[in-house]
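My entries follow the model shown here.

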Amino acid sequence: MANDTKQSMQGFGTRAIHAGQEPDPATGAVIPPISLSTTFTQPAAEVIQGFDYTRAGNPNRNAFETAIASLEGAEYASAFSSGTAVTSAVLSILPAGSHLIASDALYGGTYESFAKIASKHGIETTIADLRNPHDIAGLFKPNTKMVWIETPSNPTLRIVDIQAIAQHIHQHNKDAFLVVDNTFMTPYFQNPLQLGADVVMHSVTKYINGHSDVLMGVAVTNSPALHKEFQYVQDCMGGVPSPFDCYLARRGLMTLEVRMDRHEQNAIQLAEYLVNHPQVTAVYYPGLESHPQHALVRRQQKGYGAMVSFDIKGNLDNVNRFYKHLKMAKLATSLGGAESLVSSPVYMSHGHVPPALRASLGITETLIRASVGIENVEDIIADFKQALDNAYLKA
Ligand code: P1T
């Protein structure tokens with residue numbers, strides 16, 4: 001769906017509430033209703049008035065796509081049924097025999113899409129540490145069509161310099177496009193298209209919907225050609241979200257700014273608490289001055305986000321005792337909801353990533369990933385404190 005440029009001068013929070021969300025012309029309803037109909041009547045065989053079939057487009061999907069395009073400062077957005085469906089959609093537009101370059105620090109499922117699915121269809125992937133952006137120069141092949149980076153990365157919050165990578169691609173390999181997985185940042189904290197990326201993808205499942213009750217993804221771009229391809233994939237591969245999910249995600253966007261501010265305030269305080277904890281051996285959080293890429297973080301991001309990973313002393317027993325004693329935060333996959341969650345990437349989000357690659361990324365048995373929620377921060381810190389204390393007491 002194309003963005004309404006009229007609204008592009010308004011503030012982020014204003015666009016998050018209004019972009020693509022006009023009152024329903026039929027009833028005046030301020031919040032447009034959920035359009036469940038899968039089909040729309042046509043005035044003539046060859047004429048479509050707005051919509052024809054929900055796989056190709058739907059009023060609720062339009063509203064969501066218009067809003068997220070506006071928030072990324074983009075022309076176009078295409079919603080899919082999950083973040084992973086976006087990855088599949090992007091892979092499906094690459095010609096057979098293509099080569100892609102991906103940063104090594106990726107969500108485990110994205111790694112699997114490249115290493116285990118795309119490889120079956122003749123697409124070759126080079127996985128590389130791209131923290132030094134100049135390293136990419138030696139990786140291009142004549143058939144390199146795409147570079148995919150995730151920054152900050154899941155779960156050890158590594159950063160890739162989007163602008164530097166984009167410059168390399170656009171100078172040396174004009175055929176290739178750059179995709180940035182912006183899930184951890186949301187458009188509120190980072191806008192990769194403005195740094196030279198060609199496509200931004202989000203797992204909408206996370207902060208954008210924000211309430212752990214929708215599975216959805218989106219690809220955002222300023223390229224009419226890429227947008228046309230994504231629209232074609234929506235219609236011809238069919239991995240589109242339901243109207244109800246689009247409605248919920250559009251609703252989630254209305255509070256994105258206030259949620260992200262609160263998430264981040266809480267995360268900063270939890271990270272600072274953990275840094276000083278005697279049982280914590282490492283804290284990964286872009287907002288800490290001790291983050292090895294903090295200067296780049298400050299240049300490229302408008303905020304630090306709310307994912308905090310930390311390594312603790314001991315072994316898996318201590319980790320499981322920590323989980324068992326948490327009273328509020330839940331041990332669960334996923335992130336970005338209002339509630340605080342914790343997880344063990346080595347067994348959960350990155351369980352299928354090869355052990356050597358996991359080890360090089362700092363994903364150990366004692367690494368705990370926290371999605372810091374928007375509860376009262378004293379309660380979050382108190383919960384982590386008592387669970388950490390208990391993790392080391394003899395049973
Ligand atoms: O779950 P899905 O909506 O398909 O999105 C996949 C995805 C893509 N990119 C990033 C950075 C992600 O974190 C995810 C999903 N991650 C988890 C489910 C997790 O627990 O890390």
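I count two strands as paired if DSSP finds at least two bridges between them, where strands (E, at least two residues) and helices (H or I, at least four) are DSSP runs numbered from the N terminus. The model is predicted, so I note that local features need pLDDT of at least 70 and side-chain atom pairs pLDDT 80 or more, while totals for chains, interfaces and linings use all residues. Residues are numbered from 1 along each chain as its sequence is written, and side-chain values use heavy atoms, without hydrogens and water.

Strand pairing. I found β1 (residues 76-80) antiparallel to β7 (residues 217-221) over 5 bridges, with V218 of β7 as the bridge partner of A79. In β1, 5 of 5 residues are buried, that is, under 20% relative accessible area, with exposed over 50% and partly exposed in between (1.4 Å probe, protein chains only). Y76, S78 and F80 point one way from β1, and A77 and A79 the other.

Cysteines. I looked for disulfides, meaning cysteine sulfur pairs within 2.5 Å, and found 0. For C236 the closest cysteine sulfur, in C246, is 18 Å away, too far for a bond.

Aromatic pairs. I count rings of Phe, Tyr and Trp (its six-membered ring) with centres within 6.5 Å, calling planes under 30 degrees apart stacked, over 60 edge-to-face and the rest tilted. The structure holds 9 such pairs. F114 and W148 are edge-to-face, because their centres are 5.4 Å apart and their planes at 80°; this pair joins helix α4 (residues 108-117) to strand β4 (residues 144-150), 34 residues apart. I noted W148 as buried, at 0% relative accessible area.
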